[in-house]
Structure formats: C-alpha cells, structure tokens
Amino acid sequence: MRIPKSFLIALLLLTFIQNISAQERSKIVFTPQWQPQAQFAGYYIALEQGYYSQAGLDVTIKHPSATSDIIKILTMGEADIVSAFLIHGMKAQRRGLPIKHFAQMLQHSSLMIVSRKESGIESVEDLGGRKLGIWSSGFDDLIFAMLEERKIDVRIVRILNTVNLFLEGGVDAMTVMHYNEYNTIVNCGVNPEELNTFFMRDLGLNVPEDALYCLESKYKENPEVMEAFAEATLKGWEYAANHKDYAIDLVVRHMKNANLPNNRVHQRWMLERVLEAIDPGEKPVGRGKLSKQDLQLVTSVIN
Amino acid sequence: MIREKLSYRIISRLLPAILLLGAAIVTAYYLFARSSIAEHTAANAQMTAKNSVHSIEKIVKQAELIPANLAWMMESGSLERDSLYHFLKKLVENNPLIYASAIAFKPDKNRRLFSPYAYRNDSIVESINLGSETYNYLIMDWYQIPAMLKKPYWTEPYYDEGGANALLSTYSHPFYLIKNGNREFAGIITIDISLEWLTQTVSSVKILESGYALLISGNGVYVTHPDRNNIMNHTIFTRAKEMEIPKLREIGRSMIRGESGFDTIELPQIGKALLYYEPITSTGWSLGVIYPYKEMYASLQKLNLVIVILSAIALALLIIFISTIVGRMLRPLTKFAKSARVVAEGNFSAELPQITSKDEMRELRDSFEFMQRELTVYISNLRETTTAKEKIESELRIAKEIQMGMIPHIFPPFPQIKQIDLYAMLESAKEVGGDLYDFFLLDERNLCFAIGDVSGKGIPASLFMAVTRTLLRSLADRDKTTATILSEINSTLCLNNDSNMFVTFFIGILDTTTGDLRYCNAGHNPPVLIKSGAKAEYFEITKGIPLGLFDDFTFNEQFTKLNGGDQIFLYTDGLTEAENSSNELFSENRLIDSINISESRLPESLVKDVLRSVKLHVADNEQSDDLTMLSILYKRSDEDNSKGKEAEKSITVQSDIAQLQRINNWTEERLSRLGLPEELGNTVNLVIEEAFSNIVFYAYEPGDSEKIDLSLDCEGNMLVIELRDRGRAFDPTAKKDPDTTIPAEEREIGGLGIFLIKKLTDSVEYARIDGVNVLTIRKVVK
C-alpha cells in the first residue's frame, strides 16, 4: 500500500500544526518491551496516521536497549506507558510495584518450544534430560510452569537472544516466539518440516502476552489518556491489518533508523502472527481487554 | 528471358538446399558454441569461486592460528594473568587484520567474570576487562557456542556499531588449563576480524556485466552482495521467499551445509543464471558466483547476428553469382539455338559460339560442329545420289516409254476386220517390267497375237522383251506353225543368252474368216476361253517351257475353233499374283470370277472390269508387277454380214497414189458382192483410178496425206461411184475435153482423166457440199 506523497506532506503539515498546540496535549512517552519490529507496527501506524494526536496525545515512541528491563523503565519514569508481557507485569505488581495494566494487546500466547525432528523430541515429555535453550531475559515463567506441571526435568541453557546455539546443535530444543525466532530459524535454512513445535497455547497455557502498563498514579490522574492511547493503538493495528505493506514499510523504516538488521519477509511473518494474536478469536473478550479466565490462568501460573 | 528462367530455376532448386544446409550448420555451430561456452563458463565459475575461497581461506587460516597459538601459550602457562592486557594490546597492535582480541575466562568460584580485552579505538589500542554486570559474556554466542561445543567457532558476522563501525566476525577458540593435574576448559580466546577485506575480495570478483560473487554466512545471511540492502539484513532464505524462488532456498541449504555445486537459477533483473557455490570450510560460510546466461551468451548472440547478416549477404551474393555464372555459362545455348535455327534453314556453315572451356558446353559445340560437317557431307551426298537416281529414273522412264511404244495400242486396231474386236492393256509397275503383248495381221484374214512375260524386271527384262517382240514380228508367217515360230524365237533367244533370261510366251494365229485358232504355249499362264453364252474357263493347253532356256526344245502347236461370240482372254502372272497387304494373291479363281461377274462381253470393258477387280483386291498395296491383258472377241458371222455390207459400201483411204492397189482390191470385192460381172471390174477400176488420181493431184498439195472416201453402190441398174474429199474445191467436169488430136506430150496435163471417165461412164457430176468435193459417177449396168 502506497500513500500518495501529497497526502504524506499534508499529514506532516498537520502534525506540525498540531505540535504547535502540543502544550495542551498530554505528552506520552511510550516504550515497547523490545527493539523495533513488526510486533509494534500498530503503535507506529497510530503515530504515523495521527491516531494518537487525534486522541489528544503527543506520543513519542522510545525503544529500549536489548538488555533493558522494561518494568524498570516504567517505574523509573523513563516512559509513561510501556508494553510488557502480562505475566511480567503481574509479577511486578506482586512485587508491589505500583503499575497499572490498562490494556491487553496480544490475546494469545506465541511462546513455543522448537526442536529438530532429528533430535527425537516428539512431545514436551521427551524434553526430559535434554538441553533446552531459554532466554536469559525472562519469558520463562510459562515454560517452567509447564515443565513443573508435567514434571519434566530439563537441562536449562540460558541464551541471550540468538538462535545460533540451537542452529549449531548446542541445545536440543529452544523456547522461541512463533512470530519471531521460530521464523528466524526457518530463515536460516531450516525447513518447517524439519522441526517439531510445541505451542504453550496448545499445552493449556494460552496466556495473553503484550499488555500496556502505566504507573498507577498516572492512571488515577488521567485514565482517559491511557484508554485513549489503547484505543488509538488498536486503531493502528486495525489499519495495519488492512495495510500490511504500509505497515511493513513503516516497521522497516523504524528498524533502519535503529540500525537493526531488517527484512520484509521476516517482518511480514511477524506482523501476520501478531495480528492473529491480537484477534481474541474464540476468547470471550473484546480487543484490548483481558478476560477473567486469562487473568485467572496467569494468576495460577504465577502462583 | 529463357536464360533468366533457367538460372532462376537453378537458384530456386538450390536455395532451399543451401538454406537448409546453412541453417543446419548455423544451428550445429550455435549448439556447439553454446555448450562450449556453458562448459567454459562453468569451469570459469568454478575457478573464480575456488580462487576466491582459496584467498579467503588463506587469510582465515592465518587468523585462526593466532588464537590457537594463544590457547597453547595459555595452557603451557607461558602467559601470566596480569600480563594479558599488555599482551593482547600488543597482539592487536601488531596484527592489522585483528580489530580486537579477548581472553574470556570461565567464571571462578566467586562467579566473577574476567576477560582481558584489547581493541582498537581509532588509532590507539586500548584494553579493558570485558566482563561486567551488564555484559554477561557467558551467554554471548562467541563464548557460549564454542564453550558448549568445545570447538573453535566463527560467529555470524555482525556490524560493530559505535566500536569498529565495520562488519566483524569473531573467531573463538577454547583454551584449557591444567588444574590439579586435570586439563580443564578454562575459557575462550577470541579475535575480532574486520571483514572489510573479505567483502572487498568478494566484491572485486567481476563477472561479466551484471554477474557477481556473493558470500553467505553459516545462517545464510548475506555477508557480501551487490545489493547492499541485502547485506546483514537478508538471508538467502528470506530472499528466496521474497523473490518466490523455492529453488534458491534449496541452493541456500546446500550452501550452508558446506556443499559445492552448480545450479541454474532464474533471478529477477538478471534472468536465468548459472550459480556455482563453494564453501569456506573453516568458517562455515559459502561463496557463490552468478553468471547471467544472457551475458554468458551475449557474445554468442552477437556472433549469431553477425553470422545471420553475413549469411544473408553471402546468400544474396551467391544468388547473384549463380545467376551471373549460370547466365554466362548458358549464354552459348542461346547462340546454339540461333545457330540450330540457321542450320535448320539450310545454312550449315552457321557460326557457332566460341567455347574456351572444356566442359559439356564444349562437347555441345563439338557435337554441333560435327553435326554441321556431317550434314554438309550428307546433303551433298544426297544431292549426288538424288541426281543419279533421278537420272536412272528418267532413263527407266524412257525405257518404259520405249517399251510401251513397241506395243500396239490403237484400238480398234483392225477396223476392216469386222469379225474381231480386240482390246489389250499393259499397266506397268513402277519399275520397267518384262511383259509384252502383240497382235498383227499376217495377211487379210490371219491375225497373229501373242503375250509374254520376261523373267526379272528392269532394263534387262525390257530389253529381252524388245528382242522377243522383234523376233516375233520378223519370224511370224502365216505359212509357219505357231510351234515353228516359237522354236525359231527360242533358238534365237538361246543364242548369246548369257544372263539366262527367259520369257513365257503364248502365241496364237486366228483365221478370222473361219474362227480356226492355232496356238502354242511356252510356259505361259493358260489363257481364258469365254465361250459364247457359257462361263469362262481356262484353256486346256500344253504348258511347254519358257523361251530362252533350251534351244532344242520342241514346241507343239495346238488347235481349236472359235465360234461367233467366243472370246479368248490372255494375261500375265502380274494379274493372278497381284498381292494385297495380307499377302493374298489375286489368283486364277478370282480372275475367272471377275470375268464371269463382268456384265460386258466386249473386250475393252472386260479388260477394264478385270483391272478394277485386281485393283480392288490389291487396295493400297503397291503394284509389284506389270498387269497385262489381251482379249479377243470373235464375232458371229451373221453380224459380220449385215455389218459387213454396210461397212463395205465405202472405203476411206489416204490421198496417196500408193493406195490404188488397196482401192483396186476393195473395188473388185465390192463388185463381186454387188453381184456384178467380173469384166466390169477393169472399167470401174480405171474410172476410180482416174478420179482418185485427179483428187490426189489437184485437190491436195503433193505430199499431203488426207482422207478420201470412196463408195460403190447400185441404184437400180446404175452403178454409182462416189468420191468425197476435203481438199480445195476442184471441179473436174468444168475442164474442157482435151484435144485428142494433139500428141499427149503437148497437151495440158490433166483433163485426160475426166475425159476418159466421161467416155467410159454414163454421167459425171460434181458438187461442193459443206467444204467437201463430191464427185458422183454413174454407169448403167445389167
């Protein structure tokens, strides 16, 4: 999808004019929990398409570094709104951090374990005694909950953020996000049919992921702003669903700005998977909302 | 026009063959060149890739030696922990290839991270401890992977932002230390190598116009690629998906598996291309070279165009050459055609085109020349021959005329002999033949007739025939028997008959008053006898032998009697042996039949009827022999009487005094027929003599031979003598009676005759009626 230049210029002008009256707008710094990628296409679009400014928000998107802790960014006041895994947010809340969940963006779990078929791991039970790569940065609660529940004793190997150890055969299996690392493995020349995949959502752990958090105080101060942000973001996602090429263009631009390796193939995959995760599907809940059942599921996982 | 057509035809026949041949050659050449280029390109691609890989490997291997040596140094304890910073600093300083180097120790009991690290900061080399709270190298690929796999590892290339600002790859080498007598894993030694040289090496590989070399990492990430967007952003697999080329994914998988090989691939912009890939074994990377087919075969295409253009020109030239050469070669043909026409018009010396070549055209010319020569000779021969032939033919014609002239051919031949009607015919064949017939009166009542056929043809036969006929005329005599005549002729012919010629001969002597017929045959065909009121039949006669064979042969005369109305028909074998186209002879039977069929019994019509029958039988076949027929009708006596009386009332004679004897004879007979006394004859004769003489002398010029009619008849007791002539008007009665007193010598000539006539007769009258002098003399008789 191509936007006519004249339209873009008009849009820029509009943004400029709006900026003049930015004083009256609510200034929002939003920090996604990871570096630029299609996972955040909805935010880029909401900003680019002026959904935020239309909602009276002056939003700045500020990505964290690879090693930053997103909750810390929020509590430190470096961002007004962050996107974080629901499970992380809840654990932070458990620790007594005054943060507020005000929107649930991804309704479904994309977390999965992948292994090479040749490793002979046909079910998660087969992971017993095998080396399982897990990110050092967390995202491991669900895995451990699953392993514990099934009493599977695996040898955990902490890895930073690449799939190279898995590709080199250093681990037998690896936790990956379906929308990201799984596809990276495929894009490194491993064919899907050579892989066995174990989705958490298929293992009774379809825990919602990306959620929006702000400080409780800020929410109390001005809940409409937060809701408006969530609303505008969902609008952005809707636009992305209808304008994937445009969305990918935007994502790639952001990635390039961040000097990140990028390619449209991978970002398209990610966009499509994330869009699937945003759609509640059979879940009895509206977009952007967290269902009670999911809340209970997450609570039980944490406990 | 004709020449153009011929050359056009030659070209139109040749052209498809030439085109086909040309197409076959060009195709064969094209295919061969193509496969040769493909082979050559493949070899070139392989060599290019191997060369690049070799030069990369050389540097890589060299680089790999440094950590390996370092690991050995660490293990051997020759390096103190404290000196490591300085050592690494020196190492980096001394190796321009190395951007940074680290010795990352496995954490100790206190989980403390220790990793001396020297790196380039602009032109200075600095050193720090890498391990920190924020930099947990234990989970970094460069440490974790070799540490876990216990083997050296080249990391995926990465862009070192803020540091080297370059594409780097880290080579990690595990090192070991001896602790408590055990060799334990102690950490990882790394060197960071800038890949600028590598990208330069690969990028400098120039392949044709748009071909290129590319390098992918172990994960399939583009390390070098002409499109910078692909470098570090794309893997060969994402590109495969993006371009929707599943084959590229397969090739990529093959490449990262460390295989080498050829493949053909269809790439956007480049099109169909040849891909060769070769692994850089030590790093797990792979180098590929891409040869666009379009360019591989560009020279061939160019060459093809040139060949096609050249072929077209060659073809056009060929056509021009052929038409010119053929035209030139065939030009003499037109001249030959012209010469042939001239020759046909009779000019054998027509000029022939000059042929200098020694080909078929020369042969044609020689043949033409030969033909001309031969024709000239032939025609001159023909002329001579024709002249000779014409001469001979004319001689033959003359001979034939002479032959025919010997034979009587005035019919009726003897009008005074009323008992006989005779007709004969000799129709000679083309050549002079030897047939003959003849008839003549031996005296006033005996008719001699003969027919013969000389053996052979031509001049000798006709001469022999002439001799025979002359002999017949000279030897025939009413007192001789026919057998004697033949014997005499035979013996004469036998004399000097060196050429052994002979003649079949039939002779007959008919007494016209009695009908007695004496005849003799010398080997001739039997004549046909047609008895009055009966069918024709052959004479039963002795055959005899032809004349001229045996001089002492004795012939026998035979005899028969003809009655009034009987007819004898003689012929030669030319008649009975006349052949038609199916070699059937006319034969004796057909002859008898045709005679019987003939309605007329008069000789002339009979002969002509028979001839018609023969001609009908022979049809288109050429007449091969003379046709000779002689037919004699012996009339009835009563017919003779009535006709005779009438006929003999007058006589026509020539105005010649010599005719007087004949007139005397006739007068005597006439008087006796009139029943007048014989003694009157002298007086009448004298009167007629005088009157006749007068007419001869006065009515006609001397030497004239005109006819004079004389009639003698009775009117009552008057004998009437009438003389008629067509001479000049002359009235003898007008003459004065001569003076008889004057001696005869002195008297006027003439006048005496008429005087005498007047004295002897009772009246003399003269009248001129219609230019005819009519002298009527009357005398009273008893």
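A:K218 and A:D80 pair up in a salt bridge, with their closest N and O atoms 2.7 Å apart; the term covers a side-chain nitrogen of Lys or Arg within 4 Å of a carboxyl oxygen of Asp or Glu. The two partners sit 138 residues apart and tie together distant parts of the chain: A:K218 belongs to helix α9 (residues 216–221) of chain A, while A:D80 lies in the loop between α4 (70–75) and β3 (81–85) of chain A. Helices (H or I, at least four residues) and strands (E, at least two) are DSSP runs, numbered from the N terminus. Over all chains, the structure holds 41 salt bridges.

This is a predicted model, where local features need pLDDT of at least 70, side-chain atom pairs count only at pLDDT 80 or more, and totals for chains, interfaces and linings use all residues. Residues are numbered from 1 along each chain as its sequence is written, chains are lettered from A and ligands numbered from 1 in the order in which they are written, and side-chain values use heavy atoms, with hydrogens and water left out.

Now for the interface. Chain A brings 29 residues to the contact and chain B brings 24 residues, contact being heavy atoms within 4.5 Å. About 2200 Å² is buried between chain A and chain B, and carbon and sulfur atoms give 51% of that; buried area is the accessible area (1.4 Å probe) that two parts lose on being put together, summed over both. On the chain A side, A:N164, A:E168 and A:V265 lose the most area to chain B, together 22% of what that side buries.

The rule finds 1 salt bridge across this interface, and B:R253 forms it with A:E194. Here are the two named bridges:

| Salt bridge | Closest N and O atoms |
|---|---|
| A:K218 with A:D80 | 2.7 Å |
| B:R253 with A:E194 | 2.4 Å |

In chain A, β7 (155–159), α7 (164–168), α8 (181–187) and α12 (264–278) each supply at least two residues of the side touching chain B, and α7(A) gives the most, with 4 residues.
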